[in-house]
Amino acid sequence: MNNAAITLDGSHLSHPAISNDHHAEEHHAHEHHEQHFVWKYIFSQDHKMISKQFIITGIIWAIIGALFSVFFRLQLGFPDTSFPIMEKMLGEWAKGGKLTPEFYYALVTMHGTILVFFVLTAGLSGTFANLLIPLQIGARDMASPFMNMLSYWFFFLSSVFMLVSLFVETGPASGGWTTYPPLSALKEASKGAGLGMDLWLISMALFVVSSLLGGLNYISTVLNMRTKGMTMTRMPLTVWALLFTAVLGVLSFPVLFSGFVLLIFDRNFGTSFYLSEIFIGGKALSHIGGSAILYQHLFWFLGHPEVYIIMLPGMGMASEILSINSRKPIFGYFAMIISLVGITFLAFVVWAHHMFVTGMSPFLGSVFVLLTLCIAVPSAVKVFNWLTTLWRGNIRYNVQMCFAIGFVSLFISGGLTGIFLGNSALDIHLHDTYFVIAHFHIVMGVSGIFGMFAGIYHWFPKMFGRFLNSTLGYIHFFVTIIGAYLIFWPMHYEGIAGMPRRYYDISSWQSFKQFQPINGFISIVSIIVFAVQLLFVFNFFFSIFRGRKMTTKNPWGATSLEWTTDIHPIHGNWEGDIPEVHRWPYDYKDDGNGGDFIPQTVPLRPGEENHK
Amino acid sequence: MAGFIIFLLVLLVFVIIYQIGKSSELASIIRGEEYVKLKTNRTIASLFVVFFILGIYGIWKCNEYFKGMMLPVAACKTGERYDSMFMVTLAVTGVVFFATQAVLFWFAFKYQSSEKRKSSYFFSHSNSLEVIWTTIPAIAMTILVAIGLRNWFEVTAPAPANAMVVEIVGKQFNWLVRYPGKDNELGVRDFRKINDANNVLGLDWSDPHNADDIISATGEMHLVVNRPVKLLIGSRDVIHDVGLPHFRLKMDAVPGISSTLSFTPTITTAEMKTKTGNPDFVYEIACDQLCGSGHYSMRGTIIVETQEEYDAWMAKQPTYYSNNKPTEVKPVAGNTTEKAEPKATEKAMIN
């Protein structure tokens, strides 16, 4: 492919013409050299195209993952009813319109894997790190566009393996998204521990490769390719958040990878890393001396940072969007960066709070309690800063602003229940109950996806040159936030009663069967919420072709660099020289001409002080 | 075919909503963008307030609905401690929850852009505010950690010397309970000696302590009220978890590793029946770690009774040795099939 138009020659001359003129001329031939379809749309090395590839793959996975949750919600809500439509779609697995327990667990496992990894990691970081890092720091592309392309295609390959695993005879992996051995290691233990589990492991190994290729690229791009004047402390908080997301991934995914490799060995080559003293399938196995708990340590060493890999991009985007639409600088820019550093550091030393009841030393548990509750402090700082950003603002509502406010609300609700679970003395009862489901779905699942939706509504015009329909957007927002609370709020009570998660049917339990009616209610709400997500998907794809066209370069009145590019930016982002940066990214103030913001490219006025 | 028609209908509805949305956007351009923006602002900001008020009402209603179902009566000392700590945490987080959510939605309403409000107060940072709201959560967390660790060390403390010892072992998909018998000592067991026909736990018959051990394969455990008990927890195959909601306890059962739980039940099953007004009340042991397709049916029960009732029950229990008369069968690999598994599940459920 021809990248001749893109010369990273480092001549960062200031370009005043770009900074003030927000009314772009009609986009002229935006590609100097017409590229072949394959190189432009498929094996593209343009970070903007790769970000579109990530988001569309992510959306497809999100539909599959969410549909699975609807299937198993039908079982949970109405265990005695048969749904012929499920038999039609799932065949043998839902004979007579009722899920088999084996496939119920497979659906639960796939729902978790898909949403956590394929949607909220690849779909979220992949999309926005690719789109925003080069555009917001003023780079023509990633440090290595080729590696960036590989990152997507490894993700694609990983997706193919995961998709194939859905169709094998013994079904996909069914040991939960955490796939603890021995359940996941022994083919005798469950059907899903057969070929489905092998495919799961291959897929996840490829996923780790994709994530590392991406992460290394993001970090080196942020550190090396900032335009002239773009010091680290002039970077928008989105870039900061995406940088730390990448750091988390690069440092923790290899540990998960090693965990998976050992599991592959235990499954196929007779080693005993995780296996010891097991009698299953009518015989005693020869494995001795391994520790099933070792896997959990390796898994959660990624597994916990993974939560922040999901949260940080949302935090960054919410900060940006709250500030832009409050027409006010983000409150406490440096405090926001410091709290990101704090969260990133602490994320590595709290993993064993997922393992309080594995029989580990109570002393070790107490250390993790202390470290876990420490992480509440930077999280609280972020919340207070968001609230103060709204304070005395001039708030302008659009769909992304709604999602950003929803993000903050959900982050508070879900974060506070973390204080229960992080305290081992309370976790000992709540562990692995519906309380946990409610907690992580609100704080990580829904809140994470709200951050993503906010980002999509905000940067959709940058990606496609058109706007998403905002009427549909408002319907999407309000139904989703109301639905999310209706689904997950009642689950707290079920968890407080001790109702375990991952139960196919609760009818034989004296202690839990009183929750059956509420389970039915939750299931109905989740179907409605699912339908509204389809409305969003429709809005997304329809608006790519039919949405209202963007007519100005900077529709939201933002200060950051991505809005100085053309409406349809070329591969290389800026037609002329890369703009030079003169000020911090949240200069919302009187610009002297009746405007309320000053783009980063505008030089400081005489006597004007730099933001410190 | 029907599915296809439904799909088309849904798509049609989406297109219609989309077009309505689009036409309203076009109309807004005609009516003047500024005017419409302010109107949208007013609507959305008010909806946020409505959302908040309805939310608070919903939470209140939800609490009413779940009042009787939520925390079951705690049936041991540490369980009562647990409940009070839970309530303290709930109070702290509850206050923060209502305060921050109220502020969020109030600001969202109050500071909306309107005819009166044309620009914001460009206020970008304040170090003293940052210090205040770093310190306050830090202090709150310190208090919660202090309470938590006190309870944690209490609940994980070694069992007192006079505690009765009961072993509970998980397998797909039921619980096996072993009592030490007259000598008060559990014999050695070896997973290589397990045999589903006549040695479910792999007791090593060369150890004399095993001779009087009693095994219950029905998943029913008998405990004495007000007498400390130490549970020895193990697993035969995959990871299970002994979940005891009424005692606010939980511990994984991991193959190859032995874990323990100790507590003192304070209410008998009979008392609980009157207390809860539920004649079918029973303490349940719930498996809390996904262990395979029968996970949800891996149910055990606990009967808490007085010493006399317990002694009378115990006297009737045959030892596992006498019941299974092992003729020192060598556990040949694969001589029993696991086809018996679903039956075991049913057994556990009938209980």
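A: Contact here means heavy atoms within 4.5 Å. The model is predicted.

Q: OK, how many residues does the contact take from chain A and from chain B?
A: It takes 131 residues from chain A and 116 residues from chain B.

Q: And how much area do chain A and chain B bury between them?
A: About 10,800 Å². Carbon and sulfur atoms account for 70% of that.

Q: Which helix of chain A gives the largest share of the side that touches chain B?
A: Helix α16 of chain A, residues 470-496. It supplies 14 residues.

Q: How does that side of chain A divide into nonpolar, polar and charged?
A: There are 76 nonpolar residues, 38 polar and 17 charged.

Q: How many salt bridges between chain A and chain B?
A: The count is zero.

Q: Switching to one residue. Where is Ser124(B) found?
A: In a loop of chain B, between α3 (77-110) and α4 (127-155).

Q: Why does Ser124(B) count as buried?
A: Because its relative accessibility is 15%, and buried means under 20%.

Q: Which residues is Ser124(B) in contact with, leaving aside neighbours within four places in sequence?
A: Pro329(A), Ile330(A), Phe331(A), Gly332(A), Tyr333(A), Trp584(A) and His611(A).

Q: And which side chain is joined to that of Ser124(B) by a polar contact?
A: The side chain of His125(B), at 3.1 Å.

Notes
Residues are numbered from 1 along each chain as its sequence is written. Chains are lettered from A and ligands numbered from 1 in the order in which they are written. This is a predicted model: local features need pLDDT of at least 70, side-chain atom pairs count only at pLDDT 80 or more; totals for chains, interfaces and linings use all residues. Side-chain values use heavy atoms; hydrogens and water are left out. Buried area is the accessible area (1.4 Å probe) that two parts lose on being put together, summed over both. A salt bridge is a side-chain nitrogen of Lys or Arg within 4 Å of a carboxyl oxygen of Asp or Glu. Helices (H or I, at least four residues) and strands (E, at least two) are DSSP runs, numbered from the N terminus. Ala, Val, Leu, Ile, Met, Phe, Trp, Tyr, Cys and Pro count as nonpolar, Asp, Glu, Lys and Arg as charged, and the others, Gly among them, as polar. Buried means under 20% relative accessible area, exposed over 50%, partly exposed in between (1.4 Å probe, protein chains only). A polar contact is a pair of N or O atoms within 3.5 Å; within protein, one must be able to donate a hydrogen and the other to accept it, and residues adjacent in sequence count only if both atoms are side-chain atoms.
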